[in-house]
Every structure is written in structure tokens, then in C-alpha cells.
Amino acid sequence: MKRTAAVSATATTALNLVESLQRRFVGGLEKLAARQGSSQRFNAVEWLRDEGRHGGGVRFETGEGELFGRGSVNVSQVHYDDVPGKKLGSANAISTIIHPRHPLAPSVHIHISWTEMKDGEGYWRLMADLNPSHENPADTAAFLAALREAAPAQFEAAKAQGERYFYIPVLGRHRGVAHFYLEHYNSGDAAADLALAQAVGEAAIDGYLAILEQALAAAPAATDEQRAAQLAYHSLYFLQVLTLDRGTTTGLMVHDQNDLGIMGSLPPCVDRELLASWIGRLPAPQDELLRALIAELPDSTPAAVDAAVKLQLAAAVRRHYRQHPEAIAMQASGDVIPPTLQNHS
């Protein structure tokens, strides 16, 4: 079936925005790759919600190339205009993660979304975080400066909320070094909020592209020690996404029609032994979840997280939270947990 669109005008406006950000980022990444002499490109993959009756989306993905080990730039619009009992009207989002192959080139995660309830309430979710395995303080400062310029009035609150959300208590450290997170944001001025979402998205994209190109231009041949540190960081990233990230878990619990897209944030490889060493640090029942996730990984070092493995991991997450629904409350949250994330709408 053909993918349908939401009837709401504000949903259409939000979709236009996230699609423009997708074009900006994919185009920028491919131009950067060409300047680096790489032929690596992003391929479009369409997915449908309920065979297109309730929307769907298109993600541009790449992986196992000479420049990017894993990359996904996903845009979606899901809507329930024809389901009277559903409180959620529509959700429009771009969610992207880029994991460069070189260990001195940082990863990035960006999420911009507009969620609209049928009662007229709507809110933005704006996230951007820089994730290097080897921090360059100048890159951290540049990324944060770009976001501060895009959202001067909101920056301090967003930085503080991001640092809370991306903290991993059992490891006593954060995922990432620069964090921006506005949850359930609605100032009451729709035009100003749309402009803010665009400014934050463009600042994060353009800021990251500049950081990535500079890192690749200056990077020497990677050492074994650098690759080992990158693998350890990717393992930490895996832990945070699959045991703490509320957005990932919610997406998996709502449906199974875009598992590869939702799990597109996972790095290409992880260290099973390092992950296993953290099991005893997790409180029950999350220790069971980590054990179950490790069981789905190939028995190798490093353990590749390919498409088949991602589907198995998604199924493991669903089994866990169906058995332990109370464990959702143990996941990370911002200042506010929106009703769509509370109730898996």
C-alpha cells in the first residue's frame, strides 16, 4: 500500500521540517565522503506503519564502508486519524546516528520530533549529543557553542537535562560529552517553536559535519589501542541505548514494523566480555535484560551487530519488558515524561 499522511496542517509542517533536515544531513555526509575520496553512500529504505494506513517513513542508511561503520538518518510520520480511541494524533521525527569508522572521528546522535495529540496538545522533543571514543575538547566546545547560538534562551536548561538523561549510573559516567535535550517543549508560540526546532537541527548537523571533516583530515592511521578504546565506547553506547534509553524502548514496545530503523543507533561492533563484566552492576531485573542481550550477540570478539542481530535484540527487549513492565520506570527520563512515552501510545 501507499504510505498515507496525517490530515493535520501542523503535522504536515513538522514533516516538511524533518524531511528538510534529512536532506541536509544526508547531502552533507555524502559530499564530505566524496571530498575524502570515499565512494560510500546512503541508501533509501522505506517502511510502513500498518501497511501504510498509519504512515511510515524513509531512512537513509549505510554501513561497513571505508568511512562510516554505521549510519542511519530516519524520518517518519505515524498518525491515527482513523482510530477514534487513540489519543495520539501524529508523531513526526528525524532520528539519526552516525558512527564513523576511524576511532578519532566522533559519533553523533540527533533527534527532532513533533508529537500532536488529538485534543490539540503538541510538543517538540529536541536532542543532540556528540559521542567520541576519544574526546577532543575543542570539538566539544564547538558543538555546544553551535547549539547555544541556535537556542540561547533554552541552552542551559537543555544542557542540564541532557546531562541527566545520558548519565549511566552503574558506570558513573555519561554517554557522550556534549548534550542538548528539550523534552515536551511548547512555548505557546508555534512559529517561534518551529524556528527553534529548525535552528537546533541545522546547528547540530552543520556543527557535526565541520567537526567530522576536521577530524578525518587530521587523523593519522588508527592504532590498535585507539580501536580498542572505540570498541569499549561502542559497548557503553550499546548498554545505554538498550537498558536506559526510553525512546528506543518505547518505539520497540509500540510495534515491530521498523525494528531495523529503531535499532539503527547501535554501533557496528561491541565487546561481549566487557558487557558481561557490567551485568553484576545492574539492578534487578535489568541484569537479566543485559544477560539476554548478550546471549543474542555472536560469540566472537568483536561481536558484530548486523541486521539479523538487531532483530534478535529487539525481540529480547520486548520479551523483557512484557515480563517486567515495572522496569520501564528504571529508564532515563528528562524533566517531563510525555504521555506518549509513559503509555506506549
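**Burial, cores and rings in a predicted model**

Student: Is Thr62 buried or exposed, and at what relative accessible area?
Tutor: Buried means under 20% relative accessible area, exposed over 50%, partly exposed in between (1.4 Å probe, protein chains only). Thr62 is buried because its relative accessible area is 11%.

Student: What are the ground rules here?
Tutor: This is a predicted model: local features need pLDDT of at least 70, side-chain atom pairs count only at pLDDT 80 or more, and totals for chains, interfaces and linings use all residues. Residues are numbered from 1 along each chain as its sequence is written, and side-chain values use heavy atoms, leaving out hydrogens and water.

Student: Which side chain makes a polar contact with that of Thr62?
Tutor: A polar contact is a pair of N or O atoms within 3.5 Å; within protein, one must be able to donate a hydrogen and the other to accept it, and residues adjacent in sequence count only if both atoms are side-chain atoms. Thr62 lies in strand 2 (residues 55-63). At 3.0 Å, its side-chain partner is Gln40.

Student: Where do the buried residues of helix 3 fall, seen down its axis?
Tutor: Helices (H or I, at least four residues) and strands (E, at least two) are DSSP runs, numbered from the N terminus. In helix 3 (residues 155-165), the buried residues are Phe155, Ala158, Gln161, Gly162 and Tyr165. The arc, taken from the directions from the helix axis to the C-beta atoms, is 135°, so these residues line one face of the helix.

Student: Which residues have the most contacts inside the largest nonpolar core?
Tutor: A nonpolar core is a set of buried Ala, Val, Leu, Ile, Met, Phe, Trp, Tyr and Cys residues joined through side-chain atoms within 4.5 Å. The largest has 50 residues. Its largest share, twelve residues, comes from helix 4. The residues with the most contacts inside this core are Phe25, Phe143 and Phe180.

Student: How many residues apart are Phe25 and Tyr208?
Tutor: Rings of Phe, Tyr and Trp (its six-membered ring) pair if their centres lie within 6.5 Å; planes under 30 degrees apart count as stacked, over 60 as edge-to-face and the rest as tilted. Phe25 and Tyr208 are edge-to-face, 6.3 Å centre to centre with 75° between the planes. Both are buried. Phe25 is in helix 1 (residues 9-35) and Tyr208 in helix 4 (residues 190-218), so the definition of helices as DSSP runs places the pair across distant parts of the chain, with a separation of 183 residues.
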